[in-house]
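Here's a quick briefing on the structure below. Have the sequence and the coordinates open as you read, and go through the topics in order.

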Amino acid sequence: MPAVAKQKLAELKRDATEDRLAAMSLPEGAGWAAEARGAALARVREMGLPHPRDEYWKFTRPETLTRAEAPKAALFDGGEPHLFHERDRLHLVFRDGVLDMIASDALTLDGIEIERLSDAMAKDIHWARDVYGVLESNGQNPVQRPLAALNTAYASDGVVIRVIGKPAKPVCLTYLHESEDSDAILHHVVRVEEGAEMTLLETGPAAARFNKVMEVDVADNATFHHVRAQGRDHERRAVTGTFARLGTESTFKSFTMTVNGVLTRNECVIELTGDDAVAHVAGACVGDGDDFHHDDTVFVTHDAVNCESRQVFKKVLRNGATGVFQGKILVKEGAQKTDGYQISQSLLLDDDSQFLAKPELEIYADDVACSHGSTSGAIDETALFYLRSRGVPTAQATDLLVLAFLAEALEEIEDESIAEEMVERLSGWLERRAA
Amino acid sequence: MLQINNLHVKLEEEDKQILKGVDLTVEAGKVHAIMGPNGSGKSTLSYVLSGREGYEVTDGSVTLEGEDVLELEPEERAALGIFLAFQYPVEIPGVGNMTFLRTALNAQRKAKGQEEMSAADFLKLIREKAKDLKIDADMLKRPVNVGFSGGEKKRNEILQMAVLEPKMCILDETDSGLDVDAMKLVADGVNALRSEGRGFLVITHYQRLLDHIVPDVVHIMADGRIVKTGGPELALEVEKNGYGDILAEVA
């Protein structure tokens, strides 16, 4: 880009950023929280909010995520309870991004300490200080993620979880979307202490526009499981950032299912900092219609010996839907014996739908095994005919093949009963997708 | 039961005429065999009957119990009672064999206005049918035909037939790729399904399958037509002398 154009772009970005910031106000908090917010705000100003000409936003238009006013999103009643409702869980309910203490369970569970973000931020001394905005800030290099910094600065609610044991049940966050023009910014902080283990579930559309950041610090020998469902409001928008730091012999597994929504950008930034750590991140996405746009952007950094990372993303796209995958594995110098795997695949049910993929490997160690693959394909006509010849109508046969295609991603969910619940719900959604 | 009149079919892509006037009637309760050299149009006939894309019917008609078959989609033909046992059963990774069978059975029941079968009843049914065909629990659990041996695939076809209980069974080269024991197992499965109300059309290149599934009528197909029809002895003649004599005789 010529210098003049570069300067022009910087000016455009600065103006757009200031427009957005002018429409917001920083929530209050204690010294450390104000400091973290202030630093994040400075980062936002320094970077500027994403612009369509930014390389990292080449495939996804950021305007509706960055502009001051959230685009309206019609409410949607799927006529069914949110996922995980029958599960034994610690249940927290957010309405358009605000924790509803009455609808939620009490914040007590053996093995964890859980607080509302604002309560943690009101305290002068809090462990979350070492994580809040810290992992997000680490994740700004080498690629900038200004919407995550914006989140750190302005997040108005969220939960702060310290895992010290092995709680008997998962924590489940249900995000209700109840207002057409809600604009929610949530920030969760999780620290899984040495040897501890937890499962976090998330479900629901959250808001008309949703910006969510979750920072997860997984200590040595600790385990964090994350399963979320982003459904099913057709018009909602979401940008999410998951930032994870993994200690020695720790495990991080995250799975996301996305159905509907006009715009979803899920960024996941993982740093393997301790030897023998394992990180899996996977997603299954079903998109329908030319206003559907779904983007998985993943960045995994191997900075320790003998770590394993897996990225498995599958998208089914029809009627002009767009899917994006930007995935990178960075193996730093000295990160020997790295086992890195990345696959992104799309099933395109018609010629109007498209899948844009940018898989990347960057390796500075010489004794590693890394592989990546990306494919786009149509439905298997032979299999479709086989099913139809047995009496299964085309639409139902297609659904069956769609589920089969997504199975590889869904198998990444460790807990079989959760995987089954996801498959069952997905199958119902496919059947009624037009509704 | 199945009435084929003057059926003319060409390949859509190549504009090549494959069937050039097939006339055939299969009565309920009867087993008809079609034999013929490679390229005579046997498999095309089976595909056209099942509704596979890529074939254009240029003339003639096909009815099952008086209903026009050619107008129907493949799934409607299945619900009407047509079943094709594939020469090359299709592998479907990610779809469990049980799920496949149950989905097919319930789709057909739904199309006929019947209630869907409960999971428990289905399990009972499938266990009973699978046992006769020596299909074990593992084969039922695995994805459809994935990693199945040739014999397992063909047994799986017959299992589907046994579960779906079609009126008109078409077996396309079911003996291909089978050793003697597997063929016996498959043939036993087919014979167990022979009944008053069910017609069979067994397409085969060799006579040996017909030792096990003894046909009532044997047709010889060549160059897109039925050129000779007879009893089981016709199959033996082919076995002994090849197709050459018959083709020379009708030429």
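Take the contacts in chain B between residues at least 6 apart in sequence: 71% of them join residues at least 24 apart. In chain A, the share of such contacts that join residues at least 24 apart is 85%. Keep in mind that this is a predicted model, with an ipTM of 0.95 and a pTM of 0.90.

**Chain B overall**

- Chain B is built from ten helices and twelve strands.
- Its radius of gyration is 18 Å, close to the 18 Å that the globule rule gives for 251 residues, so chain B is as compact as a globular protein of that length.
- Buried residues make up 43% of the 251 in chain B.
- On confidence, chain B has an average pLDDT of 92, and 100% of its residues score at least 70.

**Chain A overall**

- Chain A comes to nine helices and 19 strands.
- For 435 residues, a compact globule would have a radius of gyration near 22 Å, and the 21 Å of chain A agrees with that.
- The C-alpha atoms of chain A fill a box of roughly 70 × 60 × 55 Å along the principal axes.
- Of its 435 residues, 54% count as buried.

**Where the chains meet**

- The contact between the chains draws 19 residues from chain B and 15 residues from chain A.
- On the chain B side, helix H2 (74-80), strand E7 (92-96), helix H3 (97-111) and helix H6 (150-164) are the elements that give two or more residues each.
- H3(B) supplies the largest share of that side, with five residues.
- Sorted by class, the side of chain B that touches chain A has twelve nonpolar, five polar and two charged residues.

**The nonpolar core**

- As a general point, nonpolar side chains in soluble globular proteins tend to be buried together.
- Here, the largest nonpolar core has 195 residues.
- The residues with the most contacts inside this core come from both chains: A:Ile270 and A:Ala279, along with B:Phe83, B:Ala85, B:Ile170 and B:Val202.
- Helix H8 (residues 394-410) of chain A gives the core its largest share, ten residues.
- Which residues does B:Ala85 contact, leaving aside neighbours within four places in sequence? They are B:Glu157, B:Ile158, B:Met161, B:Cys169, B:Ile170, B:Leu171, B:Asp172 and B:Thr174.

**B:Met168 and its surroundings**

- B:Met168 sits in strand E9 (residues 168-172) of chain B.
- Buried or exposed? B:Met168 has 22 C-beta neighbours inside 10 Å, so it counts as buried; the cut-off for that is 20 or more.
- Not counting residues up to four places away in sequence, B:Met168 touches B:Met1, B:Leu2, B:Leu64, B:Gly81, B:Ile82, B:Phe83 and B:Gly199.
- B:Phe83, in that set of contacts, is also one of the residues with the most contacts inside the largest nonpolar core.
- B:Leu70 is 98 residues away from B:Met168 along the chain, and their C-alpha atoms are separated by 15 Å.

**Strand E8 of chain A**

- All ten residues of strand E8 (residues 209-218) of chain A are buried, so the strand is largely enclosed by the rest of the structure.
- Both of its faces are covered: A:Arg209, A:Asn211, A:Val213, A:Glu215 and A:Asp217 are buried on one side, and A:Phe210, A:Lys212, A:Met214, A:Val216 and A:Val218 on the other.
- Strand E6 (residues 183-192) of chain A runs parallel to E8(A), joined to it by ten bridges.
- One of the residue pairs is A:Val192 with its bridge partner A:Val218 in E8(A).
- E8(A) also pairs in the parallel sense with strand E10 (residues 237-246) of chain A, again over ten bridges.
- There, A:Glu215 has A:Phe243 in E10(A) as its bridge partner.

**A:Glu80 in a loop**

- A:Glu80 lies in the loop that runs between helix H3 (63-66) and strand E1 (90-95) of chain A.
- With 13 C-beta neighbours inside 10 Å, A:Glu80 counts as partly exposed.
- How far apart are the C-alpha atoms of A:Glu80 and A:Arg425? They are separated by 9.8 Å, although the two residues are 345 residues apart along the chain.

Notes. Residues are numbered from 1 along each chain as its sequence is written. Chains are lettered from A and ligands numbered from 1 in the order in which they are written. This is a predicted model: local features need pLDDT of at least 70, side-chain atom pairs count only at pLDDT 80 or more; totals for chains, interfaces and linings use all residues. Two residues are in contact if their C-beta atoms, placed from the backbone, lie within 7 Å. Helices (H or I, at least four residues) and strands (E, at least two) are DSSP runs, numbered from the N terminus. Ala, Val, Leu, Ile, Met, Phe, Trp, Tyr, Cys and Pro count as nonpolar, Asp, Glu, Lys and Arg as charged, and the others, Gly among them, as polar. A nonpolar core is a set of buried Ala, Val, Leu, Ile, Met, Phe, Trp, Tyr and Cys residues joined through C-beta atoms within 7 Å. A residue is buried if 20 or more other C-beta atoms lie within 10 Å of its own, exposed if 12 or fewer, and partly exposed in between; C-beta atoms are placed from the backbone. The radius of gyration is taken over C-alpha atoms; the globule rule is 2.2 Å times the number of residues to the power 0.38. pLDDT is the predictor's confidence in each residue, from 0 to 100. Two strands pair if DSSP finds at least two bridges between them.
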